[in-house]
Amino acid sequence: MKDQKVKQCGVWMDTKHATILGRENEVDGDFIILAKEESAGHESNSNEKTGNNAEKGGLQKFFKNIAAHMQNVDEIHITGTGVAQEQFIKFLASTPQFKNVKAEESTSNKMSDTALIEYITSKMN
């Protein structure tokens with residue numbers, strides 16, 4: 001696929017924050033920050049089932065907000081802390097628009113925007 005023009009994106013995420021990167025001219029150029037998303041979080045509930053459902057619903061909304069910045073993407077590299085990136089890859093695979101996206105993941109600590117751009121560039125080239 002390296003010979004063809006592919007639309008690439010990168011995401012750093014945890015369960016509360018996400019930084020979405022894409023190419024300046026969609027399929028070429030340097031990576032730039034397209035958006036930053038934050039999870040709305042959830043309020044505590046006295047009922048455990050209700051609390052779990054609210055948390056799952058909030059996470060799905062968070063994932064949808066991230067995916068909205070990645071229209072027609074062919075390849076994505078997702079990095080971050082915890083298991084959020086694994087859950088996001090499963091979300092993408094279950095979404096018809098993203099089911100054929102080549103997704104890779106890695107684990108990394110929070111980094112500056114400049115360091116993130118350099119990191120994603122090294123992973124996507």
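Visitor: How many bridges join S1 to S2?
Guide: This is a predicted model, in which local features need pLDDT of at least 70, side-chain atom pairs count only at pLDDT 80 or more, and totals for chains, interfaces and linings use all residues. Residues are numbered from 1 along each chain as its sequence is written, and side-chain values use heavy atoms, with hydrogens and water left out. Helices (H or I, at least four residues) and strands (E, at least two) are DSSP runs numbered from the N terminus, and two strands pair if DSSP finds at least two bridges between them. S1 and S2 run antiparallel and form a hairpin with three residues between them; the number of bridges is five.

Visitor: What is the order of the strands in the open sheet?
Guide: The sheet has five strands with mixed pairing. Its edge strands, each pairing on one side only, are S3 (31-38) and S5 (102-107). The order is S3-S2-S1-S4-S5.

Visitor: By how many degrees are neighbouring strands of this sheet turned against each other on average?
Guide: Axes are lines fitted to C-alpha atoms, for helices over the stretch in contact, and angles run from 0 to 180 degrees between N-to-C directions. For the strand-to-strand average, direction is ignored. The value is 20 degrees.

Visitor: What angle does the direction of helix H3 make with that of S4?
Guide: Helix H3 (residues 113-124) packs on the sheet, touching S1, S2, S3, S4 and S5, where contact means heavy atoms within 4.5 Å. Helix H2 (residues 84-93) touches S1, S4 and S5, and its direction makes about 155 degrees with that of S4. For H3 the angle is about 135 degrees.

Visitor: In S4, what is the bridge partner of Met-13?
Guide: S1 (residues 8-13) and S4 (residues 75-80) run parallel and are joined by six bridges. Within S4, Cys-9 has Ile-76 as its bridge partner. For Met-13, which is also bridged to Ala-18 in S2, the partner in S4 is Gly-80.

Visitor: How many of the six residues of S4 are buried?
Guide: Buried means under 20% relative accessible area, exposed over 50%, and partly exposed in between (1.4 Å probe, protein chains only). In a regular strand the side chains alternate between the two faces of the sheet. From S4, Glu-75, His-77 and Thr-79 point one way and Ile-76, Ile-78 and Gly-80 the other way. Both sets are buried, and the count for S4 is six.

Visitor: What distance separates the C-alpha atoms of Val-11 and Ile-76?
Guide: Val-11 lies in S1 and counts as buried because its relative accessibility is 0%. Beyond four places in sequence, its contacts include Ile-76, Ile-78 and Ile-120. Val-11 and Ile-76 are 65 residues apart along the chain, and their C-alpha separation is 7.6 Å.

Visitor: With which side chain does the side chain of Glu-37 make a polar contact?
Guide: A polar contact is a pair of N or O atoms within 3.5 Å; within protein, one must be able to donate a hydrogen and the other to accept it, and residues adjacent in sequence count only if both atoms are side-chain atoms. The contact of Glu-37 is at 2.8 Å. The partner is His-69.

Visitor: With which residue does Lys-36 form a salt bridge?
Guide: The whole structure has three salt bridges, including Lys-5 with Asp-28 at 4.0 Å and Glu-104 with Lys-102 at 3.6 Å. Lys-36 is partly exposed at 49%, and its closest N and O atoms to the partner are 3.0 Å apart. Lys-36 lies in S3 and its partner in H3, so the pair ties together parts 77 residues apart in sequence. The partner is Asp-113.

Visitor: What is the phi of Asn-72?
Guide: Most residues other than glycine have a negative phi. Asn-72 is in the loop between H1 (48-67) and S4 and is exposed because its relative accessible area is 63%. Its phi is positive, about 60 degrees.

Note on methods. Salt bridge = Lys/Arg side-chain N within 4 Å of Asp/Glu carboxyl O.
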